[in-house]
Amino acid sequence: MIEKWKNYNGSNSKPLDFDDFWECNKIEVEELGLDYELKKYELYSNVADAYQLFFSGVDGAKIYAQFVTPKKFEGKIPLIMQFHGYHTNSGDWTDKISHAAEGYASISLDVRGQGGLSEDLTRTVGGTLKGHIIRGIDEGKENLFFKKVFQDIYQLTRIAISMEYIDEKYIYAYGASQGGGQAIVCAALSPSIRKVFVCYPFLSDYREAYKLDVNNSAYEEISYWFRFRDPLHEKEEYLFNQLDYIDIQYFAPKIKAEVIWAIGLEDRICHPKTQFATYNAITSSKEMVIFPEYGHEYLPKFGEIMRKKLYEDRGR
């Protein structure tokens, strides 16, 4: 199967103004400044301190992240940016203690309007019931839900880098599924990211995903949109033209970081073919870790691979 996809170049429908669009979106974020609020959170740990981090997004939405640091450190400390899966949240605080024990800070974003504490203030005349890929799409690219999420990621990364005790030479991004897609975007928008650890990312190659048993995948909401908003597919090209602006395959060439990518060849939630569309577009150093019998699920050993890479990267 890998032979079929190793040279797959995706849907090849990158908008001509894609780069300009995202430069303008970055400028919009930069104009917000670097204001944020930290509230101490009682973690009951001997090795880690925890804080609730709040900032205002581009549309005034209150965005939330978990921020965990080692209790004791000297000088600047490395940082891991963590991103969660679709519909969920940044998870338990205790999941981050192991990073702090190894001397890393971590920031875990709650995606707006999903399972965590971040607000979604998107106003749309379109569907709001079935998924966030299509949220805001009836108004066009400027109102896309994930456009704002990607801006949140950029803003949070800028905030993290601005912290005087964070070592901007050692900032890493990690995520699985939706979180994997966000980690890719984080590295593309922020050249300070040093390494990216990705598991079977979502938000890639929407046009091809629609053709691949869409109703049994993470992209089923595209089919839902056609069924109830455009049953004759009169606006099909419009839909995909908007989604192209939030397709991670077109962010991939901007990545400067090393990318370590885990893929399950039996994945039908985020089909391997859609993943290869983005992986093949990455021009920086990259490595794919292949799990032939696994799908969209826990991938054993990848956590150990990540830990080893981090340990070796810092020379200890």
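Reply: Buried means under 20% relative accessible area, exposed means over 50%, and partly exposed lies in between. Please keep in mind that this is a predicted model. With those cut-offs, K308 counts as exposed because its relative accessibility is 51%, whereas E312, with a relative accessible area of 46%, is partly exposed.

Me: How many salt bridges does the structure hold, and what do the pairs tie together?

Reply: The structure holds 23 salt bridges. One of them is formed by the side chains of D120 and R135, at 2.6 Å from N to O; both residues lie in the loop between strand 5 and helix 4, so the pair ties together parts that are 15 residues apart in sequence. R135 is buried, with a relative accessible area of 11%. Another salt bridge is that of R207 with D244, whose closest N and O atoms are 2.8 Å apart. This pair links distant parts of the chain, since R207 is in helix 6 and D244 is in the loop between helix 8 and strand 8, 37 residues apart. Both R207 and D244 are buried.

Me: How should I read the sheet, and in what order do its strands run?

Reply: Strands of a sheet pair through backbone hydrogen bonds, either parallel or antiparallel. In this model nine strands form an open sheet with mixed pairing, in the order 1-2-3-5-4-6-7-8-9. The edge strands, each pairing on one side only, are strand 1 (37-41) and strand 9 (286-291), and neighbouring strands of the sheet are turned by 20 degrees against each other on average, direction ignored.

Me: Which strands does helix 4 lie across?

Reply: Helix 4 (residues 145-162) lies across strand 2, strand 3, strand 4 (77-83), strand 5 (105-109), strand 6 (166-176) and strand 7 (193-199), and runs at about 130 degrees to strand 2. Helix 9 (residues 272-279) also packs on the sheet, where it touches strand 8 (258-264) and strand 9, its direction making about 170 degrees with that of strand 8.

Me: Which residues of helix 8 are buried, and where around the axis do they sit?

Reply: An α-helix has 3.6 residues a turn, so residues three or four places apart point the same way. In helix 8 (residues 236-243) the buried residues are L239, F240, Q242 and L243. They cover an arc of only 160 degrees around the axis, which puts them on the same side of helix 8. What covers these buried residues includes helix 6 (206-211) and helix 7 (220-229).

How values were computed. Residues are numbered from 1 along each chain as its sequence is written. This is a predicted model: local features need pLDDT of at least 70, side-chain atom pairs count only at pLDDT 80 or more; totals for chains, interfaces and linings use all residues. Side-chain values use heavy atoms; hydrogens and water are left out. Two strands pair if DSSP finds at least two bridges between them. Helices (H or I, at least four residues) and strands (E, at least two) are DSSP runs, numbered from the N terminus. Axes are lines fitted to C-alpha atoms, for helices over the stretch in contact, and angles run from 0 to 180 degrees between N-to-C directions. Contact means heavy atoms within 4.5 Å. Buried means under 20% relative accessible area, exposed over 50%, partly exposed in between (1.4 Å probe, protein chains only). The arc is that of the directions from the helix axis to the C-beta atoms. A salt bridge is a side-chain nitrogen of Lys or Arg within 4 Å of a carboxyl oxygen of Asp or Glu.
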